[in-house]
Amino acid sequence: MARPDDAVKCWCNRCRSDTYHHIAASHETVVSGTDPRGRDASRRLIYYVVECLGCKDIHFLKIDISPEDLIWCSNSEHPFDSPYVQENYPPRNIARRVPEWIDLIDVSLASMLRESYMALSIGAVRLAAMGGRAALEYIAIEKCEDMGSFKKNVNELVNAGFLAKNLESTILSALDVGSAAIHRGYTPGLESINDVFSIVENIVESVYLLPESGERLSFTTPKRPEKRKS
Ligand SMILES: [Zn+2]
């Protein structure tokens, strides 16, 4: 869809994607101030009421731009991309269904995952990414000993036979999304955060649930009769 004149692209909960929006109203203000070192810490706050051009849903955005970003934004068509959008109302809803197996796994891990899904449901994608990373680290340390680094911990899971070797780089990629959210201010997109949770869920199933399913099957399946010796 071509961008209509005066439209901006931002998240729509109903369309569950970034869509073009008409700006119904806006208000801008500058909050002046200095930080403890006396440097300019002014913020440019812009409030928008926007209407989705797809479903006609109306919502509210607050955008917060720091002084170092002011020049970039003044040259930009619109500053609607993360991390400038500080608040959405209603909150950006990218809820993911909590897996049915959540009550069957380790209680601490289940609690950690529940909080991560909750963060996701209110659009707190960075917190959700941190939660996903914490869950992966927890699994590695709970199943093996803490080797002192993510890479070594994941490698230990492989060495101990909990994970296939070809999954090692996949897990490290998911861990890196969490690290980038913590240390580099990265806000994962919808696809990335869904990938992280698909990986986390897959690892939980491989490490905790599939071995138990295998045991149950071997217990309930009738054994093959022994061949008679002639
Ligand atoms: Zn919409």
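Predicted model: local features only at pLDDT ≥ 70, side-chain atom pairs only at ≥ 80, totals over all residues.

Mentor: Residues are numbered from 1 along each chain as its sequence is written.

Trainee: What pattern does the protein chain follow when it is read along the sequence?

Mentor: Helices (H or I, at least four residues) and strands (E, at least two) are taken as DSSP runs and numbered from the N terminus. The protein chain has six helices and five strands. Read along the sequence, they give the pattern β-β-β-β-α-β-α-α-α-α-α.

Trainee: What percentage of the residues in the protein chain is buried?

Mentor: A residue is buried if 20 or more other C-beta atoms, placed from the backbone, lie within 10 Å of its own, exposed if there are 12 or fewer, and partly exposed in between. The protein chain has 230 residues, and the buried share of them is 21%.

Trainee: Which residues touch the most other members of the largest nonpolar core?

Mentor: A nonpolar core is a set of buried Ala, Val, Leu, Ile, Met, Phe, Trp, Tyr and Cys residues joined through C-beta atoms within 7 Å. The largest one has 24 residues, and those touching the most other members are Ala129, Leu136, Ala174, Ile193, Val196, Val200 and Ile203. At least two residues of this core come from each of α2 (107-121), α3 (125-143), α4 (150-159), α5 (168-183) and α6 (190-220). Apart from it lies another core, of nine residues, including Cys10, Tyr48, Leu61 and Ile65.

Trainee: Which residues does Leu136 touch, leaving out those up to four places away in sequence?

Mentor: Contact here requires that the C-beta atoms of two residues, placed from the backbone, lie within 7 Å. With residues up to four places away left out, Leu136 touches Ile171, Ala174, Leu175, Val200 and Ile203.

Trainee: Are α3 and α6 roughly parallel or roughly antiparallel?

Mentor: Axes are lines fitted to C-alpha atoms, for helices over the stretch in contact, and angles run from 0 to 180 degrees between N-to-C directions. Angles under 35 degrees count as roughly parallel, over 145 as roughly antiparallel, 65 to 115 as roughly perpendicular and the rest as oblique. The axes of α3 and α6 come within 10 Å and cross at roughly 20°. That angle is why α3 and α6 are described as roughly parallel.

Trainee: How many nonpolar residues are there in the contact of α3 with α6?

Mentor: From α3 come Val125, Ala128, Ala129, Gly132, Ala135, Leu136, Ile139 and Lys143, while α6 gives Ile193, Val196, Phe197, Val200, Ile203 and Val207. Ala, Val, Leu, Ile, Met, Phe, Trp, Tyr, Cys and Pro count as nonpolar, Asp, Glu, Lys and Arg as charged, and the others, Gly among them, as polar. By class, this contact has one charged residue, one polar residue and, as the number you asked for, twelve nonpolar residues.

Trainee: What is the orientation of α3 to α4?

Mentor: The axes of α3 and α4 come within 9 Å and cross at roughly 55°. Because of that angle, the orientation of α3 to α4 is oblique.

Trainee: How are α2 and α3 oriented to each other, roughly parallel or roughly antiparallel?

Mentor: The axes of α2 and α3 are 8 Å apart, and the two helices pack at an angle of about 165°. The pair is therefore roughly antiparallel.

Trainee: Is Gly131 buried or exposed?

Mentor: Gly131 lies in helix α3, and, not counting residues up to four places away in sequence, it touches Met112, Glu115, Ser116 and Ala119. Because 25 other C-beta atoms lie within 10 Å, Gly131 is buried.

Trainee: With which residues is Val125 in contact, leaving aside its neighbours within four places in sequence?

Mentor: Val125 is found in helix α3 and is buried, with 23 other C-beta atoms within 10 Å. Leaving aside those neighbours, Val125 is in contact with Leu120, Thr187, Pro188 and Ile193.

Trainee: Does Lys56 count as buried or exposed?

Mentor: Lys56 lies in the loop between β3 (43-52) and β4 (58-65), and it has a positive phi of about 75° although it is not a glycine. Because Lys56 has 10 C-beta neighbours inside 10 Å, it counts as exposed.
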